[in-house]
Structure formats: structure tokens, C-alpha cells
Amino acid sequence: ISMVCTCFDKYSFGYNAFFKIIRNDKLHFSKIKSLSDIKRTALILDVGGGTGLIAEFFVDDCKKITVLDPSEKMLSKIKSCKIENVLGDAQKIPFENETFDLVYCVDASHHFTNGQKKEDYNFVIDKSIKEMLRVLKKNGSLIVAEFDIDRIWGKLGVFLENKPMKFGSKFFSRQELKSLFEKQNCKVEIFDLDYLCYVAKISKK
């Protein structure tokens with residue numbers, strides 16, 4: 001069992017209440033929707049979507065939305081029966097090549113390294129990126145929202161997750177995230193989101 005799974009099983013009871021205080025999920029949804037320009041026929045994958053807080057907003061705007069998460073307890077908190085929940089992680093996404101019109105990952109890519117040895121971080125990150133791109137259709141959009149570690153609240157998030165909580169999370173500056181995807185021959189555009197996060201739109205070339 002991975003550390004990310006056990007940690008989020010432990011915190012699942014209070015996850016929704018906490019994130020409804022610190023994060024504007026409707027803002028995240030609106031930004032993702034506007035950047036991806038999805039149609040009602042779209043198939044969408046939420047990577048590391050936990051309790052489905054963002055996915056809930058998409059249920060009436062697409063053909064199907066799936067939340068992929070390694071924590072059973074987080075997935076059990078999903079309220080909408082219109083959301084498909086799949087137990088798994090970003091290193092081995094259980095879907096065929098080019099399945100989804102939109103893949104998004106909100107405040108979760110820094111958790112890809114949880115439970116991993118530091119010397120394996122780069123491999124795990126690259127594997128997760130390749131997997132998200134693999135299941136994305138050629139003309140689809142991959143949207144990643146992450147803590148902005150150049151801002152005070154982002155720095156606080158880094159401290160809390162890696163010191164008292166000891167998650168072993170790997171956070172990325174805007175340029176670091178851009179470089180990771182450009183290395184995979186992708187076009188990357190970075191946008192401001194709010195006081196805590198930035199968002200990247202990634203497209204296959």
C-alpha cells in the first residue's frame with residue numbers, strides 16, 4: 001500500500017470541509033472548462049481527483065467523467081452517481097491510449113512522489129506525465145493546476161506537506177512544470193489562477 005493511499009485514507013473524513021475553505025472549486029472548474037473548450041460528447045479523466053469536488057461540476061457538461069485516485073476512502077466520499085470512480089494511480093492509468101478528450105489534475109501532481117524513494121522521484125514523475133499524455137486524445141487538453149511555490153501560500157503548502165505531514169511531495173515552479181512537459185514534445189501555456197495556484201494547459205504537438 002502506498003503512502004499517498006494511507007495518508008489520504010487517514011484524512012478523508014475532513015478533506016471536503018478543509019478544501020471548501022481553502023480552495024474555490026468552481027473557479028478551478030471554470031478555468032479548466034474555458035481552457036479545454038470541451039463538448040458535451042467529451043470523455044474526461046480527473047487524475048488524483050479524490051472525493052470528486054471538481055468532477056461534480058462537470059457531470060452535466062460531458063458524456064462521462066472518471067475520477068482516478070489511489071485512496072478507496074477518498075473515492076467512497078464521491079456523492080454523484082454520474083461520476084465513475086476508479087482505484088489506481090497516475091503511474092499506471094488503467095485506460096487505453098487516446099481515450100480522453102480532457103485529462104486534468106488539480107493540486108495532485110505533487111503527490112505522485114508520495115511513498116517513493118527520493119532517487120526514484122524523477123522516474124515516477126516522468127512515468128506519470130507519460131501516462132496522462134498516453135490516455136489523452138491527439139487534439140485533447142491536459143490541464144494541471146498546482147500550488148504556486150513562488151507565492152507565500154504555496155510556500156506554506158510545501159512546508160506543511162513535507163515537514164509536519166511528511167508526505168514526501170515534489171512541488172514544481174511554473175518553469176519546472178513547463179520544462180517537464182516540453183521534454184515530452186508538448187506545447188505548454190501557464191496562467192494565473194488564484195492566491196494559491198497556477199494552471200497549465202498542455203497540448204500534444
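Q: Which strands does helix α4 lie across, and at what angle does α4 run to β5?
A: Helices (H or I, at least four residues) and strands (E, at least two) are DSSP runs, numbered from the N terminus. Contact means heavy atoms within 4.5 Å; axes are lines fitted to C-alpha atoms, for helices over the stretch in contact, with angles from 0 to 180 degrees between N-to-C directions. Here, α4 (residues 121–134) lies across β1 (43–47), β4 (100–106), β5 (136–147), β6 and β7 (197–204), at about 140° to β5. Keep in mind that this is a predicted model, where local features need pLDDT of at least 70, side-chain atom pairs count only at pLDDT 80 or more, and totals for chains, interfaces and linings use all residues. Residues are numbered from 1 along each chain as its sequence is written, and side-chain values use heavy atoms, leaving out hydrogens and water.

Q: In what order do the seven strands of the open sheet run?
A: Strands of a sheet pair through backbone hydrogen bonds, either parallel or antiparallel. Two strands count as paired if DSSP finds at least two bridges between them. This sheet reads β3-β2-β1-β4-β5-β7-β6, with mixed pairing. β3 (83–87) and β6 (186–192) are at the edges with a single partner strand each, so one side of each has no neighbour in the sheet. Neighbouring strands are turned by 20° against each other on average, direction ignored.

Q: In which sense do β6 and β7 pair?
A: They pair antiparallel, over seven bridges, and a hairpin of four residues joins β6 to β7.

Q: Which residue forms a salt bridge with K183?
A: A salt bridge is a side-chain nitrogen of Lys or Arg within 4 Å of a carboxyl oxygen of Asp or Glu. The structure holds eleven of them. K183 forms one with D126, and their closest N and O atoms are 3.3 Å apart. K183 is in the loop between α6 (174–182) and β6, while D126 is in helix α4, so the pair ties together parts 57 residues apart in sequence.
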